[in-house]
Amino acid sequence: MVKITVDGKVLEVDENNNLLEEVLSQGEDLPYFCWHPSMGSVGSCRQCAVIEYANDEDERGRLNMACMTSPREGGRYSIEKAGQFRAQAIESIMINHPHDCPVCEEGGECHLQDMTVMSGHTYRRYEGKKKTHTNQYLGPFINHEMNRCITCYRCVRYYNDYAGGTDFGPQASHDNTYFGRWQEGPLESEFSGNLAEVCPTGVFTDKPFGKQYVRKWDLQTAPSICTGCSVGCNTNPGERYGTLRRVVNRFNDEVNGYFLCDRGRFGTGYVNSDERITVSMTRASSDADPHLASPDEAMSQLHVMAVDAIGIGSPRASMEANFALRDLVGKDNFYAGVSANDLAMGQQILDIYRNRPVNVASIKVIEGSDAVIVLGEDVTNTAARIALALRQSVKNLGKKMARDMKLPDWHDAAVRQLTMDRKSPLFILSPHATRLDDVAANVHISSAEESARIGFAIANAIDSSAPAVKGLSKEEKSLVDTMADALKNAQQPLVVCGTGSFSPALIDAAANIATALQDGDKKANLAMVVPEANSLGLALLMNGSDQSLDQAMSLVADGDAKSAVVLENDLYRRAPADAVDSFVNALDNLAVLDSTQTRTGEAANLVIAAGTFAESSGTFINYEARAQHFYSVFKPKDSIRASVKWLSDQKLSEITAACASSITDCGGMANLTPGEDFNVAGMKVPRQQHRYSGRTAMRADINVHEPKQEQDEDGILSYSMEGVPATRDATVFNTAWSGGWNSNQSVFKFQSHTGGALKQASHGQCLIENNSKTKTWNEIEKDNAPEGDFAVFPLYHLFGSEELTARTPAIQEKATSAYIALNGDDAQKLGLQASDGVALEHNGSVPFIIRSSIKPGTVGVPVGLEGVNFRNLPDGIALEKASSWTAPEKWHAANIIASDRASSEGEA
Amino acid sequence: MNNIIASTVVKARELTAEEIKEIEHEKTHYPYTQAVGLEALKIVQKYQGWVSDESLLAVAKYLEIAPDELEGVATFFNMIFRRPVGKHVILLCDSVACWMLGCDSLQGHITKNLGIEYGETTKDDMFTLLPVPCLGACDKSPVMMIGRETYTHLTAEKIDQAIAHYRDGTPVDQDLE
Ligand code: SF4
Ligand code: SF4
Ligand code: FES
Ligand code: FES
């Protein structure tokens, strides 16, 4: 720490950070554009200028960019004295800016507006013609309006340098500088949506939001959690007139930081979809006609039925909803709504987290890792935010090189120049090429079984007390040594695996590697990806019980249960279709609570309209066993209620508390929110901003009487604009706003240090505490080679594999229907021509693509896409050319993005 | 690289043997293929006269860099032509010294005689007129360049002579130099 003086004020600041970051942290308002806490400084916009004085006598000083300045002990600076320069800098930036704020979607949350006002440039002197540009079509997610560009270069630094995109860049120079793609077309990065938040003006905006646009201040917002995958990124969704309008990032330093993936940001349109269940329906038997059930009727029918029913929980429902169902049917009658294998893998991961000497890795820890091995998990498609974090981890070598040269690591351009293409090691074992291969030191194509063997061998090479593996080839042995050495020599090694390969052996292998790396107090980091938002929570909730969907099915098949209540779960995604058919047919009563229509719901005789995440509150437990609370964003109409509300008449906080106290390791769930009596100035915290417009007029076309404000009996937030909005206090962080800072850049006002943790809000609570230092090992299991000509492995798609987000129009534009992927030689052997289909056992016929990375004798089958049920397939299958066949309408080969992009031969 | 194959609109052309040979030679000078981008574009332009989308894609593919990155280089330098140009490119300086000595009226002269404004090419594809900022010969302004030839102390007559020279080989009157 050093002492500096800024405009006469003495501040104590960290000399390892730049001056801009430090003065912002001290609460000063210093304008900036190009600097970003996650991307460092390049000094290109000249907006953060300050005067730096050489010594106490110096009265003139000289202009310096604060973002490019290391604060020095005794340094004397002035923000005020450089004010005129900053106003001029912004005036020149604004010369070509169209001033179209009234029709610009950034208006009202625009960093450029804020900085212009702050710098005092209020009158335009330029009278010449402005430069104009042609905009590009960039796909369904992002809108392009180049005229608004102020050439700060943040977009390129984010999209290319930070997120690893290659289909975007700066073009031309001076007045003609242009930011876009070489040719128009959809942006390929899975993280393109962050452009809308990174660009300080309205060049890149959220396109689906644009189609149902309202100003930021007219949105009702609440702190929420993304349900797209098991990472649990923090979000602020916004609603107006009963429809969910958009999702923006909510900063959490340990989880998502400043960035979301495109599934999370653009995948919530299903909340407004026509497929929503908006009223409960009932029918006497499964072949009778359903009729409408009033909420009271639905409620009483459900509770009568539940008396002797089994309950089937869900990895996509909150802890509270699952717990309430478990309570309702009795814990012995509660079954996890996942297959026996899926449940076992979840519990296997919990066991590893609890008992192995490992450190469970948050996204922040992943970013800080300096050697990584990824075993069989295609994180870009199953837990995208982790992939973005891994892209940062490979930069740690460069940061270290910089530190060794006494170059601060925020000095972005210099660090990149120094590093060139040197990277910290990232090893990937996978049955196919992945999107992370471009930053990997080594990519080894192998099946889950082979990868598990290699994993076990790596553990053994690091620590010889780990079980050894026999019969490795010479090539495999040298690979094992390379990886073992790199991991052993790293300061912060990381192992990434997960349930994506459906392979318990692979999970064991990962656990062994992480265990082997433990050395005294030094523990390796381990991240195990699970399939859904609350998969690990469901595994916890089972509290050691192995009652899975398979067991529920055999119970019903044996006639030991006649009624079932299914919570937010489409069983047809969990088990072979014929097994689910016999299950639902054998039941006398089937109640399904869900937000959207599913095949399981079609078979039910009581369908109950449940709220989505946006209309519910509760807790999700992410892949790290981190519990996070989400608040409902808006109150749905009365016929729709959050699942917990149907299942229990207790208050949410009571259910949370009961779950916390009765389930092992869930204690931390009880402390996620401020107590119910929390208030600011005697009032609940408003979900609506104090600028929220039209409150008395917005329903006047229906009724001129203003209805009573909706009540939220559960939480500390109100569905109202009354109360004191949080402007610096992040206790409930429902929107980022602070006086003078209308854009999301205002986040720093809520942080204890710019870019660091929020002042008050919790980053969630990691439930599993692990102090283990004892190494235990799993033995390698003998694998049985799958029967059939082709070994099947799963393929995942960020756009399409997840059930709910796949029902969003923008996501559908980026998705494809089912297909299979195979090696070119195999396709030839099968006599396949480009437009042929392939007959897939138990699944009908599908188109195919050729991926050169795939090994002969293996076939990739996508999970969760329309037109294929992965659960129908055995491990090994036969393939043959489909006899008569036409490609389905939703087959879009071009949407399959992989690093060895599918050859056009497969295109129908 | 992903987007090379992704591009459905533009198909890369085949690079010629000469182009490949020269690009290969340049590659020996640099540790990273990115660094060869500009030289490769110059080579292509030397043979093709300009850099078409098909050429740009071909070079990107050959060097295994993203076309977006190469486009950034190609558009940054104003002597890489991303649109077809005439056989001879007239580069007329419009920077301060030349402007003070009347480059505007010289441009008017060219435009009148050849029927092309800045950025345009004559119908017979013989000449393209482009402005350049300072050719570094301010002491002899106004200045223009055609090909490798620099014409200083420009006058309307000199321009006419130069144009005639490129049209039909009429020698330029040395006295006017
Ligand atoms: S498009 Fe936006 S982020 Fe990119 S340079 Fe322009 S203003 Fe900056
Ligand atoms: S990484 Fe997962 S949790 Fe995060 S935004 Fe994407 S889908 Fe949502
Ligand atoms: S923020 Fe410092 S120069 Fe742009
Ligand atoms: S100004 Fe024309 S050559 Fe310098």
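1. Start with the shell around ligand 2: by class it has eight nonpolar, four polar and two charged residues. Here Ala, Val, Leu, Ile, Met, Phe, Trp, Tyr, Cys and Pro count as nonpolar, Asp, Glu, Lys and Arg as charged, and the others, Gly among them, as polar. Of the 14 residues there, Cys226(A), Gly228(A), Cys233(A), Cys261(A) and Gly264(A) come nearest (a residue is near if its C-beta atom, placed from the backbone, lies within 6 Å). Two or more residues each come from α7 (262–266) and α13 (384–393) of chain A; helices are DSSP runs of H or I, at least four residues, and strands are E runs of at least two, numbered from the N terminus.

2. A caveat: this is a predicted model, where local features need pLDDT of at least 70 and side-chain atom pairs count only at pLDDT 80 or more, while totals for chains, interfaces and linings use all residues. Residues are numbered from 1 along each chain as its sequence is written, with chains lettered from A and ligands numbered from 1 in the order written.

3. Ligand 1 has Cys149(A), Cys152(A), Cys155(A) and Cys199(A) among its surrounding residues. Its shell splits into nine nonpolar, two polar and one charged.
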